[in-house]
Amino acid sequence: DRLCDTTPGRQPPDRGLPDLRDTAPGEIWVLDQRRAYVQSLFDLGVRGFRLDAAKHMPNGAIRAFVPDSIADRSHVFAETLVGGGSTDGENQRHLQPYLAQLPASFGAYDFPLFHVLRNSLAPGGRLSDLADPYGTGNALEPRRAVTFTVTHDIPYNRIFRGLILDPTDERLAYAYILGRDGGTPLIFDDGSAEKADGGRWVGSWRQPWLTPMIAFHNRMQGQPMQVLHADACTLLWRRGSGEAAAGIVAINKCGV
């Protein structure tokens with residue numbers, strides 16, 4: 001009642017998201033509830049927190065309801081949908097301020113990398129654009145990035161379904177995010193009651209073609225990455241260096 005008075009003829013004191021009055025002086029009740037909720041989950045043993053629709057929340061509010069005592073001991077990342085890398089308008093308005101204003105313990109979905117990955121795998125795209133995406137402003141800082149090939153929003157929201165990758169491109173995309181150095185890969189498993197696209201992503205992490213990639217990623221943790229060759233069709237890199245070289249990854253999108 002305090003937050004939304006619907007009495008006929010009276011103006012509700014709060015319009016709801018994204019302008020809850022938790023940033024006005026003295027209006028901290030909503031913020032206190034968020035903080036208490038996050039703390040309760042942490043006390044129960046939860047060590048991962050995804051901030052849904054983070055671009056609709058003030059960064060100061062996020063900072064307040066996820067204190068350092070939790071952020072420094074958990075995996076906290078934001079869902080901030082943007083349309084591209086550092087030159088993209090949404091990136092500049094939402095993602096860049098979030099990364100600049102919050103400590104490095106706050107990560108985010110790497111939508112810049114997803115977009116350059118998708119474009120590179122598409123007809124006419126160049127795999128060489130994936131050789132150094134962070135250096136070109138098309139990827140987040142490795143320790144803050146949550147990388148992916150599909151999230152729950154993409155198949156389940158009509159406006160995002162155009163982002164679904166071709167199944168073969170998705171396999172190549174997984175080879176890239178699981179073989180590269182940097183980021184925390186997310187494997188989407190559609191365990192919901194209504195399966196999207198005929199159950200395409202149900203139990204995905206158990207698929208025979210994906211489990212070796214996951215094992216490679218886990219084995220290569222901490223190993224540096226050196227690109228050996230990159231052109232429109234192919235990308236080749238090594239994990240480890242010198243005699244310590246531990247693995248090679250090659251992607252060929254042209255089939256020749």
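**Aromatic contacts in a predicted model**

**View 1. The aromatic cluster.** One aromatic cluster is formed by F77, Y109, F111, F114 and F148, and a search of the whole structure finds nine aromatic pairs (rings of Phe, Tyr and Trp, the last by its six-membered ring, pair if their centres lie within 6.5 Å; planes under 30 degrees apart count as stacked, over 60 as edge-to-face and the rest as tilted). This is a predicted model, in which local features need pLDDT of at least 70 and side-chain atom pairs count only at pLDDT 80 or more, whereas totals for chains, interfaces and linings use all residues. Residues are numbered from 1 along each chain as its sequence is written, and side-chain values use heavy atoms, with hydrogens and water left out.

**View 2. The pair F114 and F148.** These two rings are stacked, at 5.0 Å centre to centre with 25° between the planes. F114 belongs to helix α5 (residues 111-121) and F148 to the loop between β4 (145-147) and α6 (153-156), so the pair ties together parts that are 34 residues apart in sequence (helices, H or I, of at least four residues and strands, E, of at least two are DSSP runs, numbered from the N terminus). Both F114 and F148 are buried (under 20% relative accessible area, with a 1.4 Å probe and protein chains only).

**View 3. The pair Y176 and W237.** Y176 is buried at a relative accessible area of 1%, and W237 is buried at 0%.

Conventions:
Buried means under 20% relative accessible area, exposed over 50%, partly exposed in between (1.4 Å probe, protein chains only).
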